[in-house]
Amino acid sequence: MEEMQQLGVILLAAGQGTRMRSALPKVLHHLGGKPLFLHALGTAQRLKPKSVAVIIGHGAEAVRQVYCGSDIDWRVQEQQLGTGHAVLTAKPAFADFTGDLLILSGDVPLIRQATLKAMVEHHRRSGAALTLLTASLENPKGYGRILRAGDGKITGTVEEKDASEAQRQLREVNAGIYVASARFLFAALSAVKNNNQQGEYYLPDIVTIGLAQGKIIETLQVDNPREMMGVNTREELAFMEKTLRESINKKWLLAGVTLKDPDTTYIDESVTIGKDTVIGPNTQLYGKTVIGERCRIDGSAYLTDAEIADDVHIRFSVVMASCRVEQGAVIGPFAHLRPGTALGPNVHIGNFVEAKEAKLGAGTKANHLTYLGDVTIGQDTNIGAGTITCNYDGFQKYKSKIGDRVQVGSDTTLVAPITLGDDVYVATASTVRHDIPAGALVFNQREEKVREGWTEQKRKQMKGKQK
Ligand code: UD1
Ligand code: CA
């Protein structure tokens, strides 16, 4: 994108967000699984600008911390004296810059790359000093209004708090996104005053300043006002979350994924899903989760950073985090796969099974009531109901290793560190404390005693006592 070379970006993210009533800076509240300001920032970065300055202030250090990368010129606005003052903070970052600056708000997350590109193009084509993005809203409350003359030309802007009753009726609002020539911008900003209701230096005041200088001021209206919505309150954040979720769900529906109930399906932007996968109600897919083709997720699943191959069946109520699952595996209902778990092809994990740092080879089954922690298991092994790897003695964690084709009987405790060779047979109700060589049977010697007629005798005895 050659023409975007002479583009710089300024993102405003210094405000506290008073209306959020939060100890957390507004731009750190999460939307679609990531901090609010990273949405607009990511979109602007896709235009490949020459440089990007982010204005921070409230919780500056915390805001800076959530960004991984070193390509941002962070500028601290010590006191939040208004949007105009905020942009001025970026002046030193663009001292020798003669191109155009795209100014965005950290709290306007759904703005599309195509809209920003169209703004820059319009700005350049019309030879404007400043171009504002506007929108016509059913309910313009809270936004700054665009003032126009009889011939339709923009004459200025007015903030809601400064607006007259008649001006408040105007539906066309300032989206808070601008393209300006850098030279014009910083010169105009030094002329902005704070004689308004809020005592702030308003960035949009450069409209009237520019007009007085005879500059060309352009506006561009967005088709879909949803993309310019700002987040000022938690109610708006929740609404935005819903809007974003709907658009993500729509994307996957169009891509060939069945969502049985899109209203209760939550998918982060960073997730990918293969086609002909069927997802049931109340499914939450977060982080870097990748789901293959033809998978079935029955419902009430909570998956974070899970890598699922094709044809996997995740039955009702499964929680997974940082796991890998190969093709054809069946998991659940009611299973918990914790970080470091890797299931080979066609593995079966059944109800009430918890796994952590557990590697299971192809075709291995652990179908009922089991804890598999810090364990490597070979292929075609069967882990009986109620098996527990005792991996922790209160001080340290220990590893277990179980071979191929092993039969672990029900109610077995394996005291780690321990190795069971291939084809080992563990008798039911065994506590195994030592390594077992391949092909061996292991059982605990216990005497089984039977007392005939004992129950009846006991009952009589108890009845006698009650009298
Ligand atoms: C602003 C516009 C308004 C527009 C609306 C669109 C002004 C004066 N008003 O109002 O015309 O309709 O956006 O969403 O510009 N910020 C700083 N430093 C400051 C003040 C604000 O960095 O000193 C940042 C905030 O963190 C936020 C952005 O600038 O990301 C916008 O500030 P906000 O107070 O939300 O402005 P609005 O009242 O929404
Ligand atoms: Ca705002």
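A residue is called buried here when its relative accessible area is under 20%, exposed when that is over 50%, and partly exposed in between, using a 1.4 Å probe and protein chains only. The model is predicted, so local features need pLDDT of at least 70 and side-chain atom pairs count only at pLDDT 80 or more, while totals for chains, interfaces and linings use all residues. Residues are numbered from 1 along each chain as its sequence is written, chains are lettered from A and ligands numbered from 1 in the order in which they are written, and side-chain values use heavy atoms, with hydrogens and water left out.

**The calcium site**
- Asp107 (through OD) and Asn232 (through OD1) coordinate the calcium ion, ligand 2, at 2.3 to 2.6 Å.
- Donors are N, O and S atoms within 2.8 Å of the metal, or 3.2 Å for Na, K and Ca; water is not among the atoms, so sites may look incomplete.
- These two residues sit 125 residues apart and link distant parts of the chain: Asp107 lies in the loop between β6 (100-105) and α4 (113-125), and Asn232 in the loop between β11 (217-221) and α8 (234-254).
- Helices (H or I, at least four residues) and strands (E, at least two) are DSSP runs, numbered from the N terminus.
- Asn232 also counts as buried, because its relative accessibility is 16%.

**Strands around β28**
- Strands pair if DSSP finds at least two bridges between them.
- Strand β28 (residues 365-377) runs parallel to β27 (residues 348-360), and 10 bridges join the two; one of the bridge pairs is Ala355 with Leu372.
- Two bridges tie β28 to the parallel strand β29 (residues 382-383), with Lys365 partnered by Asn382.
- Three bridges connect β28 with β31 (residues 400-402), again parallel, and here Thr376 partners Lys401.

**The nonpolar cores**
- A nonpolar core is a set of buried Ala, Val, Leu, Ile, Met, Phe, Trp, Tyr and Cys residues joined through side-chain atoms within 4.5 Å.
- The largest one has 96 residues, and Ile308, Met320, Ile331, Ile349 and Leu420 touch the most other members.
- Helix α1 (residues 36-45) gives the most to this core, with six residues.
- A second, separate core holds 31 residues, including Leu12, Phe94, Tyr178 and Phe184.

**A look at Thr43**
- Thr43 is part of helix α1, and it is buried because its relative accessible area is 6%.
- Beyond residues up to four places away in sequence, Thr43 touches Ile111, Arg112, Gln113 and Leu116, where contact means heavy atoms within 4.5 Å.
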